[in-house]
Amino acid sequence: MRILFAGTPEPALPVLRALMDSPEHEIVGVLTRADARSGRGRALRPSPVAAVAREAGIDTRAPATLKDPEIQDWVRSLGADAAVVVAYGRLVPPALLDVPAHGWLNLHFSLLPAWRGAAPVQHAIIHGDDVTGACVFRLEAGLDTGPVLARLTEPIGPADTAGDLLARLADAGAPLVLGVLASLAAGTARPTPQPDDGVSLAPMLTPDDGRIDWERPAAEIDRRIRGVTPAPGAHTTYGGARLRLGPATPVPGATDAGDDAGTGALAPGELHATKREVLVGTGSGTLRLGQVAPAGKNWMDAAAWARGARPAPCARLGERTASTAMTGGER
């Protein structure tokens with residue numbers, strides 16, 4: 001088949017590479033997001049998909065919108081049999097939905113109709129789902145509402161971050177997409193309409209979604225940190241400055257903001273640091289911090305951070321300074 005591929009971030013690469021390696025398919029064009037500035041030097045860098053596609057010599061376009069008449073003419077000129085979409089980040093206008101013979105096929109990282117939207121893996125972890133998966137569905141005008149052609153399931157482990165889970169789903173999704181294309185070519189594909197019940201939405205996360213409220217239970221905070229890792233990232237404050245947080249571990253047997261390590265009850269956000277670990281109280285239970293990153297510094301073990309920060313007795317995370325409260329910088 002002649003394939004138009006649309007994708008942007010790292011999780012789109014397994015499908016792109018599988019299509020590039022397949023003798024049954026030819027990628028005739030790639031759509032992606034524009035180059036963006038990143039890193040400390042703020043250099044202009046291509047998206048992961050753009051970098052791979054350009055290196056392979058594939059005609060690659062990065063329009064601001066697919067409503068541009070020039071880009072629509074380019075899509076039509078490709079004569080694609082199917083368009084494959086993986087985390088592209090742009091809406092496909094109705095005028096283009098029927099341009100490829102088999103339509104636009106989206107690999108979505110959830111068990112539709114659950115978690116329609118831009119951040120399905122993140123929301124599945126944050127909300128405590130035990131199982132998720134991936135679906136290949138045909139795009140239509142609604143948000144992730146099209147008929148499903150194939151699906152797979154994947155358990156969510158107790159230590160999985162969004163990055164871990166997304167990487168597994170991306171790898172498993174590549175053969176799923178190839179299987180759908182084979183069934184379309186053979187005329188055996190059977191699209192299944194999505195049910196009306198079980199719909200949930202997964203809007204894009206913002207940095208504020210990573211702000212930790214220590215009044216919440218330890219299990220809930222654990223899921224939120226893992227759900228926003230690696231992006232947009234979890235954070236709190238210490239001494240009025242931002243402190244980034246990696247995954248933390250609920251302390252077994254610790255309830256009512258206490259623990260079984262002899263610290264007594266820890267108030268929400270209250271720290272207890274030893275040479276080997278840093279514990280923090282929550283609304284219910286205690287967390288053991290993992291990696292942390294103070295503002296402007298690299299990631300380090302929480303115990304190493306505490307040796308330098310030397311938190312005073314009863315020091316807390318998440319408290320605002322007077323200047324922060326006045327400016328509304330941290331909430």
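A: Leaving aside neighbours within four places in sequence, A6 is in contact (heavy atoms within 4.5 Å) with L31, V84, V85, V86, Y88 and W104. This is a predicted model: local features need pLDDT of at least 70, side-chain atom pairs count only at pLDDT 80 or more, and totals for chains, interfaces and linings use all residues. Residues are numbered from 1 along each chain as its sequence is written, and side-chain values use heavy atoms, with hydrogens and water left out.

A6 sits in strand β1. Helices (H or I, at least four residues) and strands (E, at least two) are DSSP runs, numbered from the N terminus. Buried means under 20% relative accessible area, exposed over 50%, and partly exposed in between, with a 1.4 Å probe and protein chains only. For a sense of distance, take T153: 147 residues separate A6 from T153 in sequence, and 24 Å separates them in space, C-alpha to C-alpha.

Now the helices that meet β1. Helix α1 covers residues 13-21. Its buried residues are L13, V15, L16, A18 and L19. They pack against β1, β2, α2 (48-55), β6 (82-86), β7 and α6.

Helix α3 also packs on β1. It spans residues 69-77, with I71, Q72, W74 and V75 buried. Why do these line one face? Seen down the axis of α3, they fall within an arc of 155°, so they line one face of the helix. The arc is that of the directions from the helix axis to the C-beta atoms. The partners of these buried residues are β1 (2-7), β2 (26-31), β5 (60-61), α4 (94-97) and β7 (104-108).

The ends of α3 deserve a look. D68 caps its N-terminal end, with a side-chain oxygen 2.9 Å from the backbone nitrogen of E70. A polar contact is a pair of N or O atoms within 3.5 Å; within protein, one must be able to donate a hydrogen and the other to accept it, and residues adjacent in sequence count only if both atoms are side-chain atoms. After α3 comes G79, with a positive phi near 65°.

Next, follow β7 onward. P113 lies in the loop between β7 and α5 (120-126). The peptide bond joining L112 and P113 is cis, with omega about 15°. Most residues other than glycine have a negative phi, and most peptide bonds are trans. There is another cis bond, from A231 to P232, with omega near 0°. P232 lies in the loop between α7 and β10 (234-238).

Leaving aside neighbours within four places in sequence, Q194 touches L112, P113, R116, D144, T145, G146 and V148. Q194 itself belongs to the loop between α6 (162-186) and α7 (218-227). It is buried, at 11% relative accessible area. What does the side chain of Q194 reach? One of its polar atoms lies 2.8 Å from the backbone oxygen of G146.

D144 lies in the loop between β8 (131-138) and β9 (148-155). D144 is buried, with a relative accessible area of 8%. Compare C314, also with a positive phi, near 70°. C314 is exposed, at 56%. Its place is the loop between α8 (302-309) and α9 (322-327).

Finally, the setting. The chain holds nine helices and 17 strands. It has 331 residues, and 47% of them count as buried. Its C-alpha atoms fill a box of roughly 70 × 45 × 35 Å along the principal axes. Among contacts with a separation of 6 or more, 64% join residues 24 or more positions apart.
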